[in-house]
Amino acid sequence: MVLSTVYRGSSTEWRFPVGAASRSESDLPIQPLYDGAELDGFDAAAKLGTPGQFPFTRGVYPSMYTGRPWTMRQYAGFGTAKESNERYHELVGAGTGGLSVAFDLPTQMGYDSDEAIARGEVGKVGVAIDSIEDMRTLFSGLPLDKVSTSMTINAPASTLLLMYQLVAAEQGVAGDQLTGTIQNDVLKEYIARGTYIYPPKQSLRLISDIFAYCHQEIPRWNTISISGYHMAEAGATPVQEIAFTLANAKEYVRTALAAGLDIDDFAPRLSFFFVARTTLLEEIATFRAARRIWARIMRDEFKAKNPKSQMLRFHTQTAGVQLTAQQPEVNLVRVALQGLGAVLGGTQSLHTNSYDEAIALPTQKAARLALRTQQIIAYETDVTATVDPFAGSYVMESMTDDIEAAALELIQAVEDRGGAVSAIEQGFQKAEIERSAYRIALEIDKSERTVVGVNRFVLDEEEPYEPLRVDPQIEVDQCERLAALRKERDNDAVDRALDAVRVAAQGTDNVLVPMREALRLRATGGEVSHALRDVWGVYVPLDTF
């Protein structure tokens, strides 16, 4: 159906043809033309407010990027701690303001490199960290009082954070000087990613212990990065991403309150982690809607009084799932657009993917180009000259309202099932995401959705590309270091310290305190995780039977 719109000049009436509405990734209509009628009754004061003030639609800070740009992070970590340390020094030298650490799969799952289950995976998708000695090497020579560090770690997040704190103390950096983030979001692991260890109830107890510990010991640390990114990578739409993320966040808040923490003591350190897709307008609207929803949840539902408790501060990573192995250089363009969307949406920090990540771990040149992409957005464009440049736009405010309404409906669906944990146990979020992923895959297969280089504009023959490969000797070397560690340390003292961890896990004491002592004595990450497994068990989803 072809519609038309009328433009009346001083003496002439023109009619322009307008196409039918299309559908967004969230399967919401995108009209071919928006005008003032779309915002009939729009209350700018209530919906937008002032930047830096409730409901924070226009951004969490009054000046946003007009004073300084977002934190530019680069996600890096591969092979050994020494190799990763060299990459971090290169990134800091290139102008990176924050580091983002990738850990290998055994570390993410709470296993040491010399365990049978880790065979073949050591150092593959990130750096292997087995003990405080590895952490010491990882951050050797880096100014931990000046560099903000984000660690993508979930079930063993407390272990890696404690190692980091101990290494910082050896450098003379006190806990109150440390800034950074642990992802620490285990609920999304049950939904989309799978690197969980303990059952949900025990995982939530550990997270509330982290909140309390950091409030006392590392007050500037962001204790959780509640993540929609991995759900999006599994196929969640923008609406599902923010709805399920905010539903998980509500579960964490309730857990902390039930543990006796005050809302305004821990809520200012909550942070979020979202994806940035190539669907530029929808992404910007999604970030604005998420801020508005969270502000109202915190103020009206949880009665948070501190404005910092009501702010949704978030890190963004460009969409790895949208990168293609075909014509990989085209990913540079995708990443630039995705990064631009994150900035226009008001992110607090950003990681831009390297163009070759659909093939292998990024090369040094590719990682540098990804950082340069952010620097061009920050210093060569004018998008940092004004706050929330899309405010008041017919299309942007309409899309923000549509996404907000759809996300609130989905959050309520989670609440109706008893909250995030209960809905996870019923398989609700996972099923919804799988349904959306299937729809998108069909659209690509049928060429109803264009992916440049995959189903349109393809090459007869791809250009050769030499990916970065991980040396299998890394696993051998890591196992040898572990053997030497266990031979040199005081194993009786380590065993006593691990027993203290088990006692705390059985009771109500904060488990991070005995964990820190065990790690200081050079207990390994796997040994600490096994001590908690001994008491709490492991999570086995129902659909595995």
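Is Glu86 buried, partly exposed or exposed? Glu86 counts as partly exposed, because its relative accessibility is 39%, which lies between the 20% and 50% cut-offs. This briefing rests on a predicted model. The model holds 38 salt bridges and 5 cavities of 30 Å³ or more.

**Salt bridges within a helix**

- Glu86 pairs with Lys82 in a salt bridge. Their closest N and O atoms are 2.8 Å apart.
- Both partners sit in helix α2 (residues 81-93). They are 4 residues apart, about one turn of the helix.
- Lys82 has a relative accessible area of 53%. Lys82 is therefore exposed, as the cut-off for that class is over 50%.
- Arg205 and Asp209 form another salt bridge, at 3.0 Å from N to O.
- This pair belongs to helix α7 (residues 200-217). Here too, Arg205 and Asp209 are 4 residues apart, about one turn of the helix.
- Arg205 and Asp209 are both buried.

- Asp114 and Arg486 form a salt bridge, with 2.5 Å between the closest N and O atoms.
- The two residues are 372 residues apart, so the pair links distant parts of the chain.
- Asp114 lies in the loop between α3 (105-108) and α4 (132-138). Arg486 lies in helix α18 (residues 473-488).
- Asp114 is partly exposed, at 32% relative accessibility.
- Arg486 is also partly exposed, with a relative accessible area of 23%.

**A salt-bridge network**

- Salt bridges link Glu25, Glu241, Arg277, Glu283, Arg439, Glu443 and Arg449 in a network.

**Largest cavity**

- The lining of the largest cavity is made up of 7 nonpolar, 4 polar and 3 charged residues.

**Second largest cavity**

- The second largest cavity has a volume of about 70 Å³.
- 13 residues line the second largest cavity. Thr107, Gly110, Ile129, Gly525 and Gly526 lie nearest its centre.
- Two elements, α5 (157-170) and α21 (525-536), each give two or more residues to the lining of the second largest cavity.
- The lining of the second largest cavity divides into 5 nonpolar, 6 polar and 2 charged residues.

Note on methods:
Residues numbered from 1 in each chain as written. Predicted model: local features only at pLDDT ≥ 70, side-chain atom pairs only at ≥ 80, totals over all residues. Heavy atoms only, no water. Salt bridge = Lys/Arg side-chain N within 4 Å of Asp/Glu carboxyl O. Buried < 20%, exposed > 50% of the residue type's maximum accessible area, 1.4 Å probe, protein only. 1 Å grid on protein atoms, 1.4 Å probe; cavity = no way out; pocket = protein on both sides within 12 Å on 5 of 7 lines; lining within 4 Å. Points joined across faces, edges and corners; volume = space filled by probe spheres on them. Nonpolar A, V, L, I, M, F, W, Y, C, P; charged D, E, K, R; others polar.
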